[in-house]
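Visitor: Take me in close on one helix, please. Show me which way its faces point, then follow the packing from there into the rest of the fold.

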Amino acid sequence: SQSLKKSYEGIFDIGAALSVREVNGTDTKVFPILDKHFNSLTPENLMKWGSIHPRLGQYNFEPMDRLVALAEKIDARVIGHTLVWHNQTPDWVYEDENGERLSKDALLQRMEEHIEAVAGRYKGKVFGYDVVNEAFFDDGQYRTSKWYEAAGKDFIKRAFIKTHEVDPDAELYYNDYNMWKPEKTDAAIKLAKELREEGIRIDGIGMQGHYGLDSPSLEIIETAINKIADAGFKVMFTEVDIDVLPNPVNRHGADIDATFPADESYNIYKEGLPEEIQAKLVSRYRELFELFKKHEEKITRITFWGVHDGGSWLNNWPMPGRTAYPLIIDKDYKEKKDIIDALIQI
Ligand code: XIL
């Protein structure tokens, strides 16, 4: 295949999320793939609080340093994912030395110190930050996270202010899943407008893009793209993958308290993907990229959530023991030529 990043040059960046294995040199086969197709890299986990700041006063920068070095080698932009989130954040973050919950001021101070340390270290090296991730429920209400419980929505504003103060050149984004749900899109836009009206920098809104073969519809995604752009914010698809397996959690509906069968009954394609499903996957990717291209003035980046199928989180989510086919490179590191060719022809 030709290079995806070259064929989309000047249209939007083409990104991939990288795991620890892929940056520490264990998974060497990804390097030529990254070099050929991608000009933007997102740390899949290694910039999350629990990974980069596992204990009070203790930072683990090495994996992220490696990702930055790799990005320099292949001339890719780095996306900082993510500074403030309710998941993959250790309990100590919210507690004092006696295990009591911190006051609003103490928690926000701790958050600011974290941002200062992380964004400070990578100042000038990160193109844009997912400053805050997933602060809303699907119905548009603020998520009742430990951040929200202690600080209300102020934690969001303070996180954006601090990140801008530490790295004034970095773009700043709000990022969330199911951003096609109207209530959620509207809530994120309202937040972004409020920040901007207060003079706080926010450049764009990230739509994660964990999609299925048939849902969400192109129309509903298009409506969200237009709403975000009309409000004056850049749009990016930050975590694209397509789940071909039955998924009881209906996309990234993490708000739903689903129970999962303990057996492998959802692992219906473990022997390989049937031809007709592969064909559906190709056309779903084609339709999505046709939509993205149609809105190229509004969209700045498309990032895939992983490099190859074998490394995809969907092998373990929403339950372990899945054999997932969500990406454009297969588990043997071979390009899915039918998909890549389709994307290049658009
Ligand atoms: C996921 C990673 O892919 C997994 O490896 C990890 O176990 C859990 O987090 N929304 C996000 C991403 O913003 O950070 C999540 O990444 C997927 C959903």
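Guide: Start on the open side of helix H11. Glu-275, Glu-276 and Ala-279 are exposed there. Keep in mind that this is a predicted model. Leu-281, Tyr-285, Phe-289 and Phe-292 are the ones to look for, and they are buried. Viewed down the axis of H11, these buried residues fall within an arc of 60°, so they line one face of the helix. What lies over them? The cover includes E8, strand E9 (299-304) and helix H12 (337-345).

The loop between strand E8 (234-243) and helix H11 (275-294) holds Gly-272. With 10 C-beta neighbours inside 10 Å, Gly-272 counts as exposed, because the limit for that class is 12 or fewer. Tyr-325 is 53 residues away along the chain, and the two C-alpha atoms are separated by 9.1 Å.

Now compare another helix, H6. It runs over residues 104-121. Its 18 residues should span 26 Å at 1.5 Å a residue, and the end C-alpha atoms are 26 Å apart, so the two agree. Which residues of H6 are buried? They are Leu-107, Leu-108, Met-111, His-114, Ile-115, Val-118 and Ala-119. These residues cover an arc of only 120° around the axis, which puts them on the same side of H6. Asp-105 and Gly-120, on the other side, are exposed.

The buried side of H6 meets several elements. It packs against helix H4 (49-52), strand E3 (77-84), strand E4 (128-133), helix H7 (146-151) and helix H8 (154-166).

The buried residues of H8 include Phe-155, Ile-156, Ala-159, Phe-160 and Val-166. Arg-158, Lys-162, Thr-163 and His-164 are also among the buried ones. The elements that cover them include E3, H6, E4, H7, strand E5 (171-176) and helix H9 (182-197).

Zoom in on Ala-159. Beyond its neighbours within four places in sequence, Ala-159 is in contact with Leu-83, Val-84, Met-111, Ile-115, Val-131 and Val-132. Met-111 and Ile-115 are on the list of buried H6 residues.

Take Ala-188 next. It lies in helix H9. Ala-188 has 25 C-beta neighbours inside 10 Å and therefore counts as buried. Leaving out residues up to four places away in sequence, Ala-188 touches Phe-136, Tyr-174, Asp-176, Met-179 and Ile-205. Phe-136 is 52 residues from Ala-188 in sequence, but 7.7 Å away C-alpha to C-alpha.

Look at the backbone now. Glu-134 has a phi of about 55° and lies in the loop between E4 and H7. Glu-134 counts as buried because it has 21 C-beta neighbours inside 10 Å. Asn-178, with a phi of about 50°, is in the loop between E5 and H9. With 23 other C-beta atoms within 10 Å, Asn-178 is buried too.

Cis peptide bonds are worth a stop. One runs from His-81 to Thr-82, with omega near -5°. Thr-82 is in strand E3. Another joins Ser-215 and Pro-216, with omega about 0°. Pro-216 is in the loop between strand E7 (210-212) and helix H10 (218-230).

Finish at the ligand. Around it are 8 residues, and the closest are Glu-44, Asn-45, Asn-133, Gln-208 and Trp-313. The shell divides into 2 nonpolar, 4 polar and 2 charged residues.

Notes: Residues numbered from 1 in each chain as written. Predicted model: local features only at pLDDT ≥ 70, side-chain atom pairs only at ≥ 80, totals over all residues. Helix = DSSP H or I, 4+ residues; strand = E, 2+ residues; numbered from the N terminus. Expected span 1.5 Å × (residues − 1). Buried ≥ 20, exposed ≤ 12 C-beta atoms within 10 Å, placed from the backbone. Arc of directions from axis to C-beta. Contact = placed C-beta atoms within 7 Å. Near = placed C-beta within 6 Å. Nonpolar A, V, L, I, M, F, W, Y, C, P; charged D, E, K, R; others polar.
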